[in-house]
Amino acid sequence: MISRREIHQILKGYARERITVATIGSHTALQILKGARDEGFKNLVICKKGTEEVYRQFGVADELLTVENFTQVLETEFQEGLIKRNAILIPHGSFVEYLSPARIENELKVPIFGNRAVLNWESDREKEREWLVRADLRLPREFKSPAEIDLLVIVKFPGAKGGKGYFLAGSPEEFERKIRKMKLRGKEKFTLQEYVIGTRFYPHYFYSPLTERLELLSIDIRYESNIDGLARLSSLLEDLHPVLSFVVTGNLPVVVRESLLQQVLGMGLRVVKASQELFSPGLTGPFCIETVCTEDLEFVAFEISARIVAGTNLYINGSPYSQLLYHEPMSTGRRISREIKIALKQGQQGQQGSLDKIIF
Amino acid sequence: MISRREIHQILKGYARERITVATIGSHTALQILKGARDEGFKNLVICKKGTEEVYRQFGVADELLTVENFTQVLETEFQEGLIKRNAILIPHGSFVEYLSPARIENELKVPIFGNRAVLNWESDREKEREWLVRADLRLPREFKSPAEIDLLVIVKFPGAKGGKGYFLAGSPEEFERKIRKMKLRGKEKFTLQEYVIGTRFYPHYFYSPLTERLELLSIDIRYESNIDGLARLSSLLEDLHPVLSFVVTGNLPVVVRESLLQQVLGMGLRVVKASQELFSPGLTGPFCIETVCTEDLEFVAFEISARIVAGTNLYINGSPYSQLLYHEPMSTGRRISREIKIALKQGQQGQQGSLDKIIF
Amino acid sequence: MISRREIHQILKGYARERITVATIGSHTALQILKGARDEGFKNLVICKKGTEEVYRQFGVADELLTVENFTQVLETEFQEGLIKRNAILIPHGSFVEYLSPARIENELKVPIFGNRAVLNWESDREKEREWLVRADLRLPREFKSPAEIDLLVIVKFPGAKGGKGYFLAGSPEEFERKIRKMKLRGKEKFTLQEYVIGTRFYPHYFYSPLTERLELLSIDIRYESNIDGLARLSSLLEDLHPVLSFVVTGNLPVVVRESLLQQVLGMGLRVVKASQELFSPGLTGPFCIETVCTEDLEFVAFEISARIVAGTNLYINGSPYSQLLYHEPMSTGRRISREIKIALKQGQQGQQGSLDKIIF
């Protein structure tokens, strides 16, 4: 991995009054770009050829660079261009997916908002579980063998795009029956995970190392195809039963019962604390824990996204929670730029190292 | 019940320029506290030990009192402390649940926003029905005996936490079959209520005795565990069928078809009018009618909450409806403080009794 | 059809500094009225007797005219009254339904925002399909005979109020079985349409001929009775299975995955372009394409509404998308008045014909 020192050396060369907030044109870029502008930064979006029109149409980008494919961003010349522009890159889900965690860690010299050490902990399933366990989150049970199934499980196949072909089983017999029907004979690789039934909540947190405050900015529910369409008419299906899939197509807004906020904030705090123990200085900036709330009002955590998530796109103009914390519309995208602004201000006031704390 | 006269006597001793808007830390407290501040009042929150952090983290409370359990609020010394602070208490769902309607009516001398006489009408199922019938709302049919079942009914057991174990039956036979399966043999106490299928709407009203206006501030849908998780995959369940429950975990935003607003406002007006006949001066401030809209575009009412409901938490920054009525973000929590402000202003202008009208 | 020339002649007689934005009291009228006011116009609402109270209660109308039934609007005297008030009528769903496309086209001399030539293309199923095909949208397959059914189809009966009695079939056999059960014997008129399973999105577009820009202002999901209630408990139904219906009762907010915006904007642009080829000057102002997003992230289009749709009522105070485009809360209703304002301004600056471009 590129060393912190190397990135901070590059950052040292930046003209602090001409920082450019940059990102890749997808996922939450519109929000990140608008947020940068709202906080007074110049912004820049890197678009894959053919998608520029979206960013032009919304008119939120100061500069637009086009690439044939996103890995071009890693080319030396391209990186030098970004560094010359004093660019701080804001990573998001598509950013990580297109560039790959490993290449970001090892090849990307452009300063990134947040802690790039988190990529490794987020993308490796084992490490992620270690992190969440240390944070004392309740995780779904995992089963080694179909014979052990004693509650509802979801059977997952690796690489199944959008969870296509995943199925549910409530007993070893049901598992065998369904595997046979799929003509898989149980020989393929699969994982068996407790299927927790309840309401889904994806809280959007922001941890600021500068103010040492954890903020709950908003919450969403994912809107998935085909399951959210299928659910509407499952009782009507007779001869044909379409195969279920869980492809995220959008997001729905939600608020959580106020008496549950203690749990929601608690999970966030423990995740931050565990991250500081596991990979100092730990989690920085936005993250999301994917949860299900059971009928016993207990949250079960499925995954962590250690960066801005797409559900924040609902709240470009603020959310019920962000409105409690800020007197202006504060999206997660804007909150990122706000953090950079706070760091720059602390630097002007003679406080050293603030920018280094939030960038790597 | 404590007399109106007694409460108004206490209120008379209040320093009107130093009113504190106070509530219990749960349910809709964040919104109530923010709303009080937005209207220029000092605010105060009473937290159960361990939950203070939530209210600190959002930074919305001027003063925070901690109790071991909420019934402490009823102790003489505690009440005197609140009265010394010129506190007006804002009741909400958890407030009523934790303190109990009877004890609030008989022991709580701190002035409450609204009409405490409503507690009795809201918490007694028979009285509630009498009120809604007088307001000419369409209520779900109730059945005396399983033999009478001639449409879809929900079978409810008293004290079932979150509606756990409730089931549906479409005929006397289905009822018997299911009761046998549950090994209940039909001997237990239960109620049989028509299950109305349609879209759920929880309109949030505010009735102002000062302006004599009924306002529709917002509408929500409850987000319930495990039913809202179960519904997504009911077609996939084979061997295991989890028992249904209806525990409210959050809220979802919604707007109603504009041509239905006449019905929605009409229900609210009739409920206010009936309340004035049944328990003068009647309903004051926020309330919610829990409804289902059938395919014939008729609303069926299930329950009334004669206070601020949790669904208003979605609209801390205003709703599509409140934006029509107000040129600033008007949550229900803020609307309560606005009403107190209007009363204080009328008092300054020499109009007597305005505060008495909205507080008891 | 009344000629453009005739309407523009009437418009020529209007006092441009005293334009009244008028509409019929239903559907999206609250939003249209508020939007007009926000843009500085006088507004007027025409209410059916008995519904005035809704518009009074929200306090958004400057003038309120009451009619016994909406067709009165077409009477000469009534029309003359509107013309004397310099009224521009804003059509919406109920407006078109109550007055009928044919009568609007032939009898309504009051200038209408948008292009009344679109009414014909929108209300005639064949023409609508021609339009959407030319716009290169993916449409659901249609089947001539039940024998051809080789995927999930929805069987629709003409005139079925709210889709009542529509059913699904996955094979010719299932079709026959269900038709027999309904005692229809397949002799009745019906259409067979591919039932596309996925997430529903109703994007709200606005095309401005003045700026030649297509704007995506917001997106909603329809909230339908009884299907959205039925879906929650389908697994619990045993003896009784209520007949499905799709009556729109409200709307839910949603955002779409950012990488899908290219497709969403593309569909809108192609629909506008095709409209310009088919009925010059083509689509003007707000429109909505009803889509389903499949698990392959492809949008299938079901219908087009060539006017403001009810889902925009969610966004009276702006949406995540409109906030990217405008620095103030911009509902579709307000955007319409903004377009009129732009045209009037261009007229003042000596640019001829701007108002004519957006009114017919």
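How many salt bridges does the rule find across the interface of chain C and chain B? The rule finds six, a salt bridge being a side-chain nitrogen of Lys or Arg within 4 Å of a carboxyl oxygen of Asp or Glu. This is a predicted model, in which local features need pLDDT of at least 70 and side-chain atom pairs count only at pLDDT 80 or more, while totals for chains, interfaces and linings use all residues. Residues are numbered from 1 along each chain as its sequence is written, chains are lettered from A and ligands numbered from 1 in the order in which they are written, and side-chain values use heavy atoms, with hydrogens and water left out.

**View 1. The contact of chain C with chain B.** Here 45 residues of chain C meet 47 residues of chain B (contact: heavy atoms within 4.5 Å). About 4000 Å² is buried between the two chains, with carbon and sulfur atoms giving 58%; this is the accessible area (1.4 Å probe) that two parts lose on being put together, summed over both. Look for Gln57(C), Phe58(C) and Arg232(C), which supply 21% of the area that chain C buries against chain B, more than any other three residues.

**View 2. A salt bridge between Glu238(C) and Arg177(B).** The closest N and O atoms of this pair are 2.8 Å apart.

**View 3. Strand pairing between chain B and chain C.** Strand E12 (residues 255-256) of chain B pairs with E11(C) in the antiparallel sense over two bridges. Strands (E, at least two residues) are DSSP runs, numbered from the N terminus, and two strands pair if DSSP finds at least two bridges between them. Within E11(C), Gly250(C) is the bridge partner of Val256(B).

View 4. Ala22(A) sits in strand E1 (residues 20-24) of chain A. Its relative accessible area is 0%, so Ala22(A) is buried (under 20% relative accessible area, 1.4 Å probe, protein chains only). Leaving aside residues up to four places away in sequence, Ala22(A) touches Leu44(A), Ala87(A), Ile88(A), Leu89(A) and Ile90(A).

**View 5. An open sheet in chain B.** Four strands with antiparallel pairing follow the order E5-E8-E6-E7. Strand E5 (142-143) and strand E7 (167-169) are the edge strands, each pairing on one side only. E5(B) pairs with strand E8 (residues 191-194) of chain B over two bridges, and Phe143(B) stands opposite Leu192(B) in E8(B).

How values were computed:
Buried < 20%, exposed > 50% of the residue type's maximum accessible area, 1.4 Å probe, protein only.
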